Amino acid sequence: MDTYRTSTAMPLFQDFRNAESVAGATILRDSPEVDPVRDFARSTVAGLSASPRRLESRFLYDAHGSELYERITEQPEYYLTRTEAAILAANAPRIRKIAGPATLVELGSGSSVKTDYLLRSWLAQDRPVRYIPVDVSESALRGAGRTITATHRGVSVIGVNATYQRAFPLFHQLSPAMVLFLGSTIGNFTPEEMSGFLTAMAAALAAGDFFLVGIDLAKDRDLIEAAYNDAAGVTAEFTRNLFARMNRELGSEIDLAAVEHVARYNPEREQVDICARFTRRQTIRVAPLGYCFTIAEGEEVQTETSRKFRLREFIPYLEEYGFTTEEVFSDERNWFALLLLRRSTFPSGSPGGKTS
């Protein structure tokens, strides 16, 4: 019996069901309190009722959406993935030296391709390695599990099919841990969402645990906008796929030919706003809840935001939530950065970092 894997997996089975072995990896599925389709429906109703209208970006990642995102990362205009991968390739041994033999936990793991650099550095120490990818896409977890277990026999993989929030309670069970949040995914949060995320992350980690976060740095507007408007149209297809999912799961009856992808950089807010513009008037149904919404010709619905960062502002901001910066890794052009953070130890009575 693989006692190393058993000792890791058993606590997880208390909160997750339908454990399945996939080519040597274990996939654990969340036991949601609500039906996922009704969750999608309620979120859609709330977003389309708002002003301006918006949809939650987490619903972009169904099986086909996850496949499209992987194709986006391969487009020549999309510098983020290549740049971050190069930083990891150059600095993975240094990251391993600082973090020590921590369990690797990755939020929004996707295909886990970039994580391979870290896994190789962890394995170079000739010790068992635990890797816990967390993703809402079960197909992405399955693919990553197959690839990693086939490539790295010394890695124990337990995939968690859940949202970030559902995975947070697992972190204390996995300490000492290093949580990975790559791809500048943190830039998809609004300021309010980021505050909540960092507060929850700080509470979930034990003092001394690590948090490795990738951030896209502020730079030339044309370079940024090109990354979200690739010439091949893959990002546009990614945006339309959200509405195809609404048709399939919510009975929305949207004419997909009327959905136009729009991505523009707002230099004042230093963020890319990604929207669907409707070229014709549409009536969008949300059948599970009995709602209908009329979208005017030319109206936009926001599907995603991608914020860009400046280190001199972001590092002090992170400190407010209980993280100290151990080291910053960047590329020679300063387009992207990886921040290796450590969960601080607070005096008694101040366990959560930032206070209101």
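A residue counts as buried when its relative accessible area is under 20%, and as exposed when that area is over 50%. In this predicted model, Tyr 164 and Phe 181 are both buried. Buried residues account for 52% of the 356 residues in the protein chain.

**The chain as a whole**

- The protein chain has twelve helices and 14 strands.
- Of the contacts between residues at least 6 apart in sequence, 72% join residues at least 24 apart.

**Aromatic pairs**

- A pair of aromatic rings is described by two values, the distance of the centres and the angle of the planes.
- The structure contains 20 aromatic pairs.
- One of them joins Tyr 164 and Phe 181, with 5.3 Å centre to centre and 90° between the planes, and this pair is edge-to-face.
- Tyr 164 belongs to helix α7 (residues 164–167) and Phe 181 to strand β6 (residues 177–181), so the pair ties together parts that are 17 residues apart in sequence.
- Another pair is formed by Phe 314 and Tyr 317, whose ring centres are 5.9 Å apart; because their planes are at 25°, the pair is stacked, the cut-off for stacking being under 30 degrees.
- Phe 314 and Tyr 317 both lie in helix α12 (residues 311–319), and because they are three residues apart there, about one helical turn separates them.
- Phe 314 has a relative accessible area of 5%, so it is buried.
- Tyr 317 has a relative accessible area of 21%, so it is partly exposed.
- Ring pairs also link Tyr 164 and Phe 181 into a cluster with Phe 168, Phe 171, Phe 189, Phe 197, Phe 211 and Phe 323.

**Charges over rings**

- Arg 96 has its charged end over the ring of Trp 122, 5.5 Å from the ring centre.
- Arg 333 places its charged end over the ring of Trp 335, 3.6 Å from the ring centre.

**Helices α4 and α5**

- Helix α4 (residues 79–99) packs against helix α5 (residues 115–123) at an angle of about 35°, and their axes are 8 Å apart.
- The crossing of α4 and α5 is right-handed.
- On the α4 side, the contact is made by Ala 85, Leu 88, Ala 89, Ala 92, Pro 93, Ile 95, Arg 96 and Ala 99.
- On the α5 side, the contact is made by Tyr 117, Leu 118, Ser 121 and Trp 122.
- Ten residues of this contact are nonpolar, one is polar and one is charged.

Methods: Residues numbered from 1 in each chain as written. Predicted model: local features only at pLDDT ≥ 70, side-chain atom pairs only at ≥ 80, totals over all residues. Heavy atoms only, no water. Phe/Tyr/Trp six-rings, centres within 6.5 Å; stacked < 30°, edge-to-face > 60°. Helix = DSSP H or I, 4+ residues; strand = E, 2+ residues; numbered from the N terminus. Buried < 20%, exposed > 50% of the residue type's maximum accessible area, 1.4 Å probe, protein only. Lys NZ or Arg CZ within 6 Å of the ring centre and 35° of its normal. Axes fitted to C-alpha atoms, helices over the stretch in contact; angles between N-to-C directions. Left-handed = near helix turned anticlockwise from the far one by under 90°. Contact = heavy atoms within 4.5 Å. Nonpolar A, V, L, I, M, F, W, Y, C, P; charged D, E, K, R; others polar.
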